[in-house]
Amino acid sequence: MSRNPGTAAAPYDVCIVGSGAGGGMAAYALTKAGANVILLEAGGPWYGSKDSKMMVPNYASPRRGASTKTRPFGEFDACDGGWEIEGEPYTVADGSSFLWWRARMLGGRTNHWGRISLRFGPDDFKRKSIDGLGDDWPISYDDVAPYFDRVDRLIGIYGSHEGIRNEPDGIFHPPPAPRCYELLVKKASDRLGVTCIPARRSVITRPLNGRMPCHYCGQCYRGCATRSNFSSPDVLIAPALETGKLTLLTNAMVREVITGPDGRATGVSYVNKKTGEEAQVRARVVVLTASALESARILLNSRSSRFPHGLANSSGTVGKYITDTTGSDVAGYIPAMENHVPHNEDGAGGMHVYMPWWLNNKNLDFPRGYHIEVWGGWRAPGAGFMGGIERYPPGGGYGKKLKDDYRRYYGATIGFSGRGEMIPNDESYCEIDKDVVDRFGIPVLRFHWKWTEHELNQVRHMHQTFRALVKEMGGQVFAPMPTKEQDYNIATGGQIIHELGGTRMGADAKTSVVNANCQAHDVPNLFVADGGPFVSQADKNPTWTILALAWRTSDYITDQMKKRAL
Ligand SMILES: Cc1cc2nc3c(=O)[nH]c(=O)nc-3n(C[C@H](O)[C@H](O)[C@H](O)COP(=O)(O)OP(=O)(O)OC[C@H]3O[C@@H](n4cnc5c(N)ncnc54)[C@H](O)[C@@H]3O)c2cc1C
Ligand code: SF4
């Protein structure tokens with residue numbers, strides 16, 4: 001805690017709930033605009049610049065870096081959270097499968113995320129007009145474009161200018177050169193007509209706003225001690241604190257938004273996780289950025305006689321229209337990459353090339369596209385690396401042969417991950433489970449989930465493409481082509497950790513939760529600035545668009561406060 005929370009006599013201008021991409025951006029933009037802001041975060045403090053284990057070798061630990069309960073991606077990974085959090089369950093309805101990954105730390109998931117930073121394009125805001133499915137957003141790319149530019153300039157991103165219509169170019173730092181295996185992928189892609197271009201990731205390759213460029217240690221997931229990649233605490237919250245306008249309350253689990261007799265939000269109530277005590281914070285405006293589904297949960301739990309079905313829910317759509325990115329992976333072994341001459345492939349902690357959606361869905365049996373992420377090659381190996389040498393022909397054994405096989409095969413693996421667009425459907429939603437509460441006594445979410453033929457056919461196409469690419473590289477795939485009965489190995493709902501929706505935006509208050517400015521239709525001083533207001537998923541990772549929209553929402557709040565309309 002950096003200062004005392006507000007009192008009834010001195011409410012804050014704005015109370016923000018959650019400090020990830022949306023909350024960090026709102027805190028930055030609002031404090032820079034002069035607002036007196038309080039930010040409540042359920043997790044504890046964590047700054048990559050101070051707390052990162054970027055330079056610790058795996059062999060320094062007896063666990064060799066293997067995962068722990070609270071660090072599921074590895075002992076030295078930045079993330080504090082995971083698929084299961086002790087005392088904070090969620091439930092899944094019979095017949096559904098869903099996984100919910102949550103971070104509980106300052107900066108939320110932005111401490112670990114892959115930093116693949118893709119702008120939604122013009123078509124992504126108007127898909128219903130193109131193919132009649134889902135819904136259009138009430139705003140267009142042109143409304144968000146100036147904010148994408150601002151995010152690029154403030155946070156920094158590497159990439160290249162390609163002029164692809166629905167993959168808008170940004171203000172890029174130079175991308176790192178492709179690694180050896182990425183050059184092979186590029187050659188195979190070119191031969192098969194698959195567009196393959198430099199990746200777009202929020203890693204800086206030039207000095208920016210007092211931050212050092214990346215030195216290619218390859219450890220982005222551990223958090224960056226030199227602040228060369230984007231995390232909310234180091235890039236947004238630290239400068240917001242420097243304004244003197246931000247009060248930061250960590251270990252504060254928000255239970256609900258509280259409202260006054262006029263139905264307007266007056267603040268939030270929260271549980272102090274250290275003492276277990278319940279307290280309230282008062283503010284003129286409340287901004288929810290607890291992550292898409294957590295924000296829906298807070299609203300559904302904000303019940304009163306005036307709002308018996310939860311706050312901002314007169315449409316009954318809070319928790320509805322939720323989506324996740326579709327996903328499936330294929331890994332292969334490429335003999336041409338065996339027995340490499342030792343060389344450095346560290347790079348910028350993630351991929352240097354990727355494939356944006358390159359086909360026209362009008363010619364296919366599924367309506368929306370996907371992009372391809374590429375992995376493989378040489379890196380500092382972690383615990384359990386290569387996933388079992390016995391899979392390589394004729395790998396394994398003991399003693400010298402085992403060591404020789406490791407040297408021969410390490411770096412000869414290539415992998416492709418498809419990340420595609422799901423269309424919202426009526427059978428994928430969340431609601432409050434009336435029978436289960438978390439350790440704070442707060443009712444938890446229950447999930448319903450269904451993939452449709454649209455997503456399954458798309459994932460089948462991913463597998464066909466990945467297999468064609470591996471074959472074109474002269475390699476062999478480890479696993480057989482999954483069948484329709486196996487749902488083509490589509491990832492479980494939520495598993496790609498790009499969940500969106502639940503408080504979608506729209507012009508019509510009867511079918512949406514917030515308006516085009518992410519302001520609740522029912523409660524004018526309540527906003528949602530995470531992935532909740534997203535109307536569609538797009539074939540892009542969502543965070544760059546969350547950041548741009550959160551800045552746009554913050555500007556609207558500032559403008560309305562100046563006009564005394566809030
Ligand atoms: C492994 C992984 C890889 C990813 N890779 C990418 C990628 O490459 N590109 C991309 O675009 N996206 C990626 N993502 C997704 C990205 O991290 C999220 O889209 C982004 O962080 C969402 O921001 P947010 O502000 O909505 O939520 P979060 O970042 O999750 O932050 C929400 C915060 O709110 C807090 N909170 C929750 N409930 C409460 C409460 N009741 N009271 C107080 N605080 C609360 C949480 O503790 C958390 O700190 C990845 C995520 C993961 C986990
Ligand atoms: S690869 Fe670059 S951005 Fe990533 S942790 Fe290392 S120095 Fe930081």
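Predicted model: local features only at pLDDT ≥ 70, side-chain atom pairs only at ≥ 80, totals over all residues.
Two strands are said to pair if DSSP finds at least two bridges between them, and by that criterion 3 strands in this structure form an open sheet with mixed pairing, in the order β4-β16-β15.

**The open sheet**
- The edge strands, each pairing on one side only, are β4 (91-92) and β15 (429-437).
- Strand β16 (residues 443-448) pairs with β15 in the antiparallel sense over 5 bridges, and within β16 the bridge partner of Tyr429 is His448.
- Helix α7 (residues 292-301) packs on the sheet, where it touches both β15 and β16, and its direction makes about 120 degrees with that of β16.

**Nonpolar cores**
- The largest nonpolar core has 133 residues, among which Val14, Leu40, Phe416 and Leu526 touch the most other members, while helix α10 (residues 543-562) gives the most to this core, with 10 residues.
- Leu526, leaving aside its neighbours within four places in sequence, is in contact with Val257, Val286, Leu288, Leu299, Leu311, Ala312, Cys518, Gln519 and Ala520.

**Surroundings of ligand 1**
- There are 37 residues around ligand 1, and of these Glu41, Arg109, Gly114, Ile116 and Thr543 come nearest.
- An N or O atom in the side chain of Arg109 lies 2.7 Å from an oxygen atom of ligand 1, whereas for Arg115 a polar backbone atom is 3.2 Å from an oxygen atom of the ligand.
- A nitrogen atom of ligand 1 is 2.8 Å from a backbone N or O atom of Ile116.

Notes: Residues numbered from 1 in each chain as written. Chains lettered and ligands numbered in written order. Heavy atoms only, no water. Core = buried A, V, L, I, M, F, W, Y, C linked by side-chain atoms within 4.5 Å. Buried < 20%, exposed > 50% of the residue type's maximum accessible area, 1.4 Å probe, protein only. Helix = DSSP H or I, 4+ residues; strand = E, 2+ residues; numbered from the N terminus. Contact = heavy atoms within 4.5 Å. Axes fitted to C-alpha atoms, helices over the stretch in contact; angles between N-to-C directions. Near = heavy atom within 4 Å. Polar contact = N/O pair within 3.5 Å; in protein donor to acceptor, adjacent residues only side chain to side chain.
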